[in-house]
Amino acid sequence: MADPYSEKALHFFNQYQKLAFEDVHQHWLAQLPESPGSALDVGAGSGRDAAALASRGWHVLAAEPATALRQLGENAARHLAVEWCEDHLPELSHVRTLDHRFDLILVSAVWMHLPPSQRNTAFQVLTDLLSPGGILVITLRHGPGDGERVFYETNRDELERLAESQSLASLPVAEGKETDRMGRSEVAWETAVFQNP
Ligand SMILES: C[S@@+](CC[C@H](N)C(=O)[O-])C[C@H]1O[C@@H](n2cnc3c(N)ncnc32)[C@H](O)[C@@H]1O
């Protein structure tokens, strides 16, 4: 099936690069560990977040399935401690071969692309990649599709149940409405943060 993230890579790259990490992720930034460690950015897109984390001293592995988008991101972040790979949920087959655990895993604006039937596996794979004490951040998109990309419904309860089944603790995020940073009034966001004990 055609992948808009590959076919319109430059369009999406420019769109995502216009946003600031600190703005997009303001609701959970208080949970970002003060001392940097190793981070995995799943569905890294333009690499905006991977680059911001690397600038804060994190060693980042950016996994992105869309080749053209990944190449643009890789080029933009070439001077930073960001490594890139081609991989995708639910299996993250390549990342798992590295036998590495991450202190932070970011799944930003990706969960809505996962069919519900793949979410159990995806969540288990993500949990297995967390180091002890590591945190998993997942942002959820609420709102209609755009006629171009495939979106599935997301809900926070589903994530809470998955976290409970993996014995992850739910961490608080800042209160307040998470409006769409691209100004789409019909789209809203929600952030969930979980910690491996
Ligand atoms: C809306 S963009 C978000 C990009 C970036 N994380 C951000 O917050 O700006 C969604 C990204 O998820 C990637 N993606 C789609 N399906 C995926 C999957 N099953 N596993 C990992 N990434 C996926 C797309 O290629 C795209 O780069």
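Begin by selecting Pro90, which sits in the loop between β3 (82–85) and α6 (93–97); helices here are DSSP runs of H or I with at least four residues, strands are runs of E with at least two, and both are numbered from the N terminus. The model is predicted, so that local features need pLDDT of at least 70 and side-chain atom pairs count only at pLDDT 80 or more, while totals for chains, interfaces and linings use all residues. Residues are numbered from 1 along each chain as its sequence is written, and side-chain values use heavy atoms, with hydrogens and water left out.

With Pro90 on screen, look at the peptide bond that joins Leu89 to Pro90, which is cis with omega near 10°. Then select Leu92, in the loop between β3 and α6, where phi is positive at about 45° although the residue is not a glycine. Most residues other than glycine have a negative phi, and most peptide bonds are trans.

Next, select residues 9–17 and 67–76, helices α2 and α5, which pack at an angle of about 45° with their axes 8 Å apart; axes are lines fitted to C-alpha atoms, for helices over the stretch in contact, and angles run from 0 to 180 degrees between N-to-C directions. That angle makes α2 oblique to α5, the term for whatever remains once angles under 35 degrees (roughly parallel), over 145 (roughly antiparallel) and 65 to 115 (roughly perpendicular) are set aside.

Move on to α7 (residues 119–128) and α8 (residues 156–165), whose axes come within 10 Å and cross at roughly 50°; α7 and α8 are therefore oblique to each other.

Now select residues 40–134, where UniProt, in an unreviewed entry, places the feature "domain: Methyltransferase"; UniProt positions follow the numbering used here, feature names are shortened, and annotations may be inferred rather than shown by experiment. The end C-alpha atoms of residues 40–134 lie 11 Å apart, and the span is 35% helix and 24% strand.

Finish at the lining of the largest pocket, to which α1 (4–7), β1 (38–42), α4 (48–55), β5 (130–142), β7 (178–179) and β8 (188–195) each supply at least two residues.
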